[in-house]
Every structure is written in structure tokens, then in C-alpha cells.
Protein chains: 2
Amino acid sequence: MCESNIYVVGPGEDDESAQLFLEAVDELLPEEAGSWRVTSIFGEQKILSGRIRSMHLVDHRIIFERSA
Amino acid sequence: MCESNIYVVGPGEDDESAQLFLEAVDELLPEEAGSWRVTSIFGEQKILSGRIRSMHLVDHRIIFERSA
């Protein structure tokens with residue numbers, strides 16, 4: 001399966017401080033006002049306010065920077 | 001490998017009109033001014049001006065809406 005894990009950092013923080021937000025994400029859909037609805041392959045759904053900082057799909061790794 | 005294909009639609013167009021932009025993308029990085037640098041597993045790199053409309057990673061499918 002080709003899902004990714006989503007990690008989140010605070011505004012201006014280094015990637016090294018990223019914390020796991022949701023594992024095994026299949027679907028990412030932008031919502032209004034700079035937030036995203038993310039859904040795992042298990043059907044777990046969360047809303048995340050922030051912007052994408054980087055995506056490395058082969059490593060299953062997406063990093064978001066949370067809104068201030 | 002868990003790369004995705006990137007498809008692009010014009011502003012306001014349906015997903016059905018999406019056209020392939022780059023295959024087998026590993027890395028997506030936001031650039032300034034609403035554009036993205038995308039890199040395939042083969043090292044091919046392209047710049048895309050627009051916003052992400054949807055990502056379905058298990059289907060290897062990311063759809064961008066091009067800037068007007």
C-alpha cells in the first residue's frame with residue numbers, strides 16, 4: 001500500500017521536531033481557509049490547519065507546518 | 001515504489017479533464033508564489049503553478065488545479 005504518514009511541525013520549527021499527526025494516510029483534500037482533511041486507509045479522518053512543507057512519497061513522509 | 005502521478009486541470013475544470021503532468025513523482029516541494037517543484041523517481045524535475053485539488057495516494061493520483 002502506498003499511503004504516507006503525516007508529520008507536523010510548528011511555525012518556523014525544524015523538520016527534526018516533526019511529530020506524527022496521522023499514520024497511513026490515503027486521501028488529502030484541501031478545505032477552506034488553509035486547512036486539510038486527511039483520511040487514513042483505516043477510515044480515520046482528521047482536520048489539519050497548516051500548509052504542506054514537503055512530501056517524500058517513496059519514504060511515506062509528508063510534513064505540514066501548522067498555522068500560527 | 002510509492003510514487004504518484006500528477007495530473008493537472010485548468011481553473012474550474014472537472015477532474016475528468018485532468019491531463020498527465022508528470023509520472024512517478026517522489027518529491028513535491030512548495031516554491032514561492034503558489035508554485036511547486038515536483039521530482040520523479042527518475043530525477044525529472046518540473047515546476048507547476050497551481051494548487052493541489054486532491055491527493056489519493058493509494059491510487060497514485062494527485063490532481064492540481066493550474067493557476068488562472
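Me: Hi! Which strand gives the most to the lining of the largest pocket?
Reply: E4(A) does, with three residues. This is a predicted model, where local features need pLDDT of at least 70 and side-chain atom pairs 80 or more, while totals for chains, interfaces and linings use all residues. Residues are numbered from 1 along each chain, chains are lettered from A in the order written, and side-chain values use heavy atoms, without hydrogens or water.

Me: What do you count as a pocket and a strand?
Reply: A pocket is an open set of points on a 1 Å grid over the protein atoms alone where a 1.4 Å probe fits, with protein on both sides within 12 Å along at least five of seven lines, and lining residues have an atom within 4 Å of a point. Strands are DSSP runs (E, at least two residues).

Me: So what's the volume of the largest pocket?
Reply: About 220 Å³, taken as the space filled by probe spheres set on the joined points.

Me: Which residues line the largest pocket?
Reply: Chain A's part includes A:Trp36, A:Arg51 and A:Ile52, and chain B's includes B:Trp36, B:Arg51 and B:Ile52. Strands E3 (35-40) and E4 (45-56) of chain A and E4 (45-56) of chain B each supply at least two lining residues.

Me: You mentioned A:Arg51. Which residue forms a salt bridge with A:Arg51?
Reply: A:Glu65 does, with the closest N and O atoms 3.5 Å apart; the rule wants a Lys or Arg side-chain nitrogen within 4 Å of an Asp or Glu carboxyl oxygen. A:Arg51 is in E4 and A:Glu65 in strand E5 (residues 61-66) of chain A, 14 residues apart.

Me: How many salt bridges over all chains, and how many across the interface of chain A and chain B?
Reply: Over all chains there are eight, but across the interface of chain A and chain B the rule finds zero.

Me: Switching topic: how many residues does the contact take from each chain?
Reply: The contact (heavy atoms within 4.5 Å) takes 22 from chain A and 22 from chain B.

Me: What area is buried there?
Reply: About 1,800 Å², with carbon and sulfur atoms giving 69%; that is accessible area (1.4 Å probe) lost by both parts on being put together. A:Cys2, A:Met55 and A:Leu57 supply 38% of what chain A buries against chain B, more than any other three residues.

Note on methods:
Helix = DSSP H or I, 4+ residues; strand = E, 2+ residues; numbered from the N terminus. Buried area = accessible area lost by both parts, 1.4 Å probe.
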